[in-house]
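User: I am new to this one. Please show me how to read its features, step by step.

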Amino acid sequence: MSKYDLIARMNQCFNQLEAELGQLQQQILPLRLLAARVFSLPEIAKGNEHQPIEQIAVQQHLGQAARDLALEHYQRLFIHHNKQHVSSKAAVRLPGVICLAVERPQSLALQQQVQQINQLKAQLEHIITVESGLAPEQRFDFVHTHLHGLITLSAYRAITLLTNPDSVRFGWANKHIIKHVKRDDILQTLEKSLKAGRAVPPYNRQQWAELVSREIDDVSRLPQAATLKIKRPVKVQPIARVWYQQQQKQVQHPCPLPLMALCQVDSGAQVSKIGELLDYDASAVKHKYKPQAKPLRLLVKRLHLYTDAPSD
């Protein structure tokens, strides 16, 4: 596929996504709101994106005000939707849930609409991250040349739909993302970055090429069978724990944007119980016991890449 065809598909996909999000709002507004609770988190100022998070003060919103914030947040995709001092590198999060009274036809229509939206979100992400063939450091320029100011993480985030949950409670998760990777795949990624031939701040072009070349050398020296893991720390994030009484089942969801709970009251469904998201305090977190893992050494710092192979 030519570059121009790819750009056309990306723009068409995004335009359709915006239209479907607008349609979702029109479907929700006439529905009876049973309950809504969303939680505003502190804004992250420019330059503070990588600061360690020790405390998060939560502001609660209820009822129609919460629903309106949720509908606005689903369509909050661009930098200009943020205040001027707010970082564009950290997508704004709004955990919470809106509970809507629906009859079966309305429930089916909303399920289809949310499914369509999430498919478009996944398609947009695939076009940008896979089909473009671009290294991660090249994607920013590509996206912002054609969709100026788009916050890609906000565009990629799927909307979570719940049907007749008995309760929705909120909390915080603080963990690492661990991914097993292969030596040759890492080398391929590094070589693509080297061939891109561009500067990545705070490095100039020559410094960046020298850094990536050293990383390629370090990975190349590893045995083919060496264990490689990307162990990337994830900043504390809000989660929702959803309970279904009839199935005696709890499901945990990441909650960067409000969940949408459909309550089929004509089938006897009860209004969901909604919990509160408390302030986060890192000093009060209690960690569960974890067995001692096999020791690993850090190989490529910027990729959070670790290996079990001994150093030379």
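User: Which residue is the bridge partner of Arg169 in E9?

Analyst: In E9, Arg169 is paired with Arg241. Strands (E, at least two residues) and helices (H or I, at least four) are DSSP runs, numbered from the N terminus. This is a predicted model, where local features need pLDDT of at least 70, side-chain atom pairs count only at pLDDT 80 or more, and totals for chains, interfaces and linings use all residues. Residues are numbered from 1 along each chain as its sequence is written, and side-chain values use heavy atoms, leaving out hydrogens and water.

User: How many bridges join E6 to strand E9?

Analyst: Two strands pair if DSSP finds at least two bridges between them. Here, seven bridges join E6 to E9 (residues 237-244), and the two run antiparallel. E6 also pairs with strand E12 (residues 273-274), in the parallel sense, over two bridges. There, Val168 stands opposite Ile274.

User: Is E6 mostly covered or mostly open?

Analyst: Buried means under 20% relative accessible area, exposed over 50%, and partly exposed in between (1.4 Å probe, protein chains only). E6 spans residues 167-173, and six of its seven residues are buried. In a regular strand the side chains alternate between the two faces of the sheet.

User: Now a helix. What span does H2 reach from its first C-alpha to its last?

Analyst: The expected span is 1.5 Å times one less than the number of residues. H2 (residues 63-74) has twelve residues and reaches 17 Å, close to the expected 16 Å.

User: Which residues of H2 are buried?

Analyst: Ala66, Arg67, Ala70, Leu71, His73 and Tyr74 are buried in H2. Seen down the axis of H2, the buried residues fall within an arc of 160°, so they line one face. That arc is taken from the directions from the helix axis to the C-beta atoms. On the other side of H2, Gln64 and Glu72 are exposed.

User: What covers the buried residues of H2?

Analyst: Contact means heavy atoms within 4.5 Å. The cover of H2 includes helix H1 (3-28) and strands E1 (32-40), E3 (59-62), E4 (96-101) and E11 (259-263).

User: Let me try H6. Which of its residues are buried?

Analyst: Arg183, Ile186, Leu187, Leu190 and Ser193 are buried in H6. They cover an arc of only 125° around the axis, which puts them on the same side of H6. Gln188 and Lys195 are exposed on the other side of H6. Among the elements covering the buried residues of H6 are helix H4 (136-146) and helix H7 (205-220).

User: What comes just after H6?

Analyst: Gly197, with a positive phi of about 65°.
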